[in-house]
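Biologist: I have the structure open beside me. Could we go through some of its features together?

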Amino acid sequence: MALSRVFIFVVLFCSSQIRNVVSADYQMALKKSLLFFEGQRSGKLPPNQRVNWRGDSGLTDGHDANIDLTGGYYDAGDNLKLGFPLAFTITMLAWSTIEFKDELARQSELSNALNAIKWGTDYLMKAHPEANVLYGEIGDPDSDHSCWERPEDMATPRNSYRIDDEHPGSDLAAETAAALAASSIAFRSVHKPYASQLLRHAIQLFDFARNHQGVYSNSIPQAQKIYSSSGYQDELLWAAAWLHRASERETYLDYLQESNNPGGVRTVFSWDDKYVGAHVLAAKLVLEGRVKASGIWDQYKAEAEKFICSCAQKSSQNVEKTPGGLLWFLPWNNNQYVSTATFVMSVYSKYLSSKGVSLHCDETVVTPSDLTSLVRSQVDYILGSNPKNMSYMVGYGSNYPQQIHHRGASIVSIKKDSAPVTCQEGFQAWFNKNAPNPNIHEGAVVSPDQNDNYQDSRNDFQLAEPTTVSVAPLVGVFAHLA
């Protein structure tokens, strides 16, 4: 009998150890997700910079327009600063911080999250020097993509491109308004004057977007090659929702109520399609009883929930999944859409829990804990519970991509070798080198393909290039799970 008890104890102990080995460390993932933004910084780096393989860069940005446009983030693995995805990044970082402030504080990451937001908002306010002027891009895509250089060595043109009242960009202006409005909420309790400054810029930018309507990538043709916009009605709704939440002004609520284009049920939530975000913010108002659950408000809530139900596989038109179980949206950097979808499910789980209600999907009840379980399964896949047993977050675990498509990570740090790496030399000496990147870009997230495959190739810019828009929502998701 005693021998049997020993055997059972050993089995239970070993099983516990196996679970501990394979279970995800969300606290570590959260820490690395915020470190990623420090590796993407442009400008003069601060004394508390933790990613030490990076140096100062882009210090003449804005000189061609006689304006200081230093700072901000490089959006991906190149050396461009692109206002449209940058603004969405900041909006999602701010939303993460607003919804999961206490969780971030418990993990001692709240100050790092606020620092990540502020590095972006300081730049976005610089880029908005006048009411109807907003700089939306620094650098030329063709020349930048023809070189493989560290940001610290950039020798490519740093042209400054802008929108104004004669060259409008409602999508860019409204997304930037959303970013600054959301950030004003994030900073309200820690730096009220800064929060007020952010809100002033947001209000001006929304007026600019509404009064001078147009697609930003028509006014900045260079953007058509990289982040071309499909329209601006979604950004206007998204910005109005954030401005109402930040200011409590009825005019923004009226804008949402009077919209004749609520968007319909969407298939993705992304840097180019913000309808789901606007739907979720409107649904929050319905759940809180701040607006009547009728008319367009009921429509917003229904459209938010249909998207969530499709992700939860409880709809007549579910989001596809890879054989290994990852939600599958689109071939290009699919994890950026998994990131936003899991964020939406995380916040909606929180909203439902606060009211003690569940989600009804085609006659099936989905509880808040059901949503969190689905979020956990998706995040666990990203962190290594997948057919390749590979973490798609760089620096997390022991098996992660070694050759991500990223200039700064793939070239020896300027701190170790200050000799300039020229445009073509970078390709010859580093891009084509079949060896791990010399710098570990912690927190960078890349994607498998539709069949759960991933070739660790620096040449694969479709799957192996990390972006800020992929990581920003995961900050909130990791905080929620941690």
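Biologist: What span should the 21 residues of helix 14 have, and what is the distance between its end C-alpha atoms?

Modeller: Please keep in mind that this is a predicted model. Helix 14 covers residues 335–355, and at 1.5 Å a residue it should span 30 Å. Its end C-alpha atoms are 30 Å apart, so the two values agree.

Biologist: Is helix 14 mostly covered or mostly uncovered?

Modeller: Helix 14 is mostly covered, with 17 of its 21 residues buried.

Biologist: And what comes just after helix 14?

Modeller: Gly356 is found there, with a positive phi of about 65°.

Biologist: Let me turn to helix 2. How many residues does helix 2 have, and how far does it reach?

Modeller: Helix 2 runs over residues 26–39, which makes 14 residues. From its first C-alpha to its last it reaches 20 Å, close to the 20 Å expected at 1.5 Å a residue.

Biologist: What happens at the start of helix 2?

Modeller: There, a side-chain oxygen of Asp25 comes to within 3.3 Å of the backbone nitrogen of Gln27.

Biologist: How many residues of helix 2 are buried, and which?

Modeller: Eleven of the 14 are buried, and helix 2 is mostly covered. The buried residues are Tyr26, Ala29, Leu30, Lys32, Ser33, Leu34, Leu35, Phe36, Phe37, Glu38 and Gly39.

Biologist: What covers them?

Modeller: The cover of the buried residues includes helix 3 (83–99), helix 4 (101–106), helix 5 (110–126), helix 15 (368–382) and helix 18 (468–481).

Biologist: Why does Ser33 count as buried?

Modeller: Ser33, a residue of helix 2, has a relative accessible area of 0%. Buried means under 20%, so Ser33 qualifies.

Biologist: What lies 2.6 Å from a polar atom of the Ser33 side chain?

Modeller: That is the backbone oxygen of Leu30.

Biologist: And which residues does Ser33 touch, leaving out those up to four places away in sequence?

Modeller: Ser33 touches Met393, Gly443, Val471, Val475 and Phe478.

Biologist: Next, Val445. Where does Val445 lie?

Modeller: Val445 is in the loop between helix 17 (423–431) and helix 18. Val445 counts as buried because its relative accessibility is 0%.

Biologist: Which residues does Val445 touch, with the sequence neighbours up to four places away left out?

Modeller: Its contacts are Asn335, Ile382, Tyr392, Met393, Pro466, Val471 and Leu474.

Biologist: How far apart are Val445 and Ser353?

Modeller: Val445 and Ser353 are 92 residues apart in sequence, and 29 Å separates their C-alpha atoms in space.

Biologist: What about Ile117: buried or exposed?

Modeller: Ile117 belongs to helix 5 and is buried, with a relative accessible area of 0%. Not counting residues up to four places away in sequence, Ile117 touches Ile90, Leu93, Ala94, Thr97, Ser183, Ala186 and Phe187. Ile117 and Leu352 are 235 residues apart in sequence, with 27 Å between their C-alpha atoms.

Biologist: Finally, how many cavities of 30 Å³ or more are there in the whole structure?

Modeller: The search finds four. The largest cavity holds about 60 Å³ of space.

Biologist: Which residues line the largest cavity?

Modeller: The lining consists of Val394, Tyr400, Pro401, Gln402, Ile404, Asn437, Asn439, Ile440 and His441. Five of the lining residues are nonpolar, four are polar and none is charged.

Technical notes: Residues numbered from 1 in each chain as written. Predicted model: local features only at pLDDT ≥ 70, side-chain atom pairs only at ≥ 80, totals over all residues. Heavy atoms only, no water. Helix = DSSP H or I, 4+ residues; strand = E, 2+ residues; numbered from the N terminus. Expected span 1.5 Å × (residues − 1). Buried < 20%, exposed > 50% of the residue type's maximum accessible area, 1.4 Å probe, protein only. Contact = heavy atoms within 4.5 Å. Polar contact = N/O pair within 3.5 Å; in protein donor to acceptor, adjacent residues only side chain to side chain. 1 Å grid on protein atoms, 1.4 Å probe; cavity = no way out; pocket = protein on both sides within 12 Å on 5 of 7 lines; lining within 4 Å. Points joined across faces, edges and corners; volume = space filled by probe spheres on them. Nonpolar A, V, L, I, M, F, W, Y, C, P; charged D, E, K, R; others polar.
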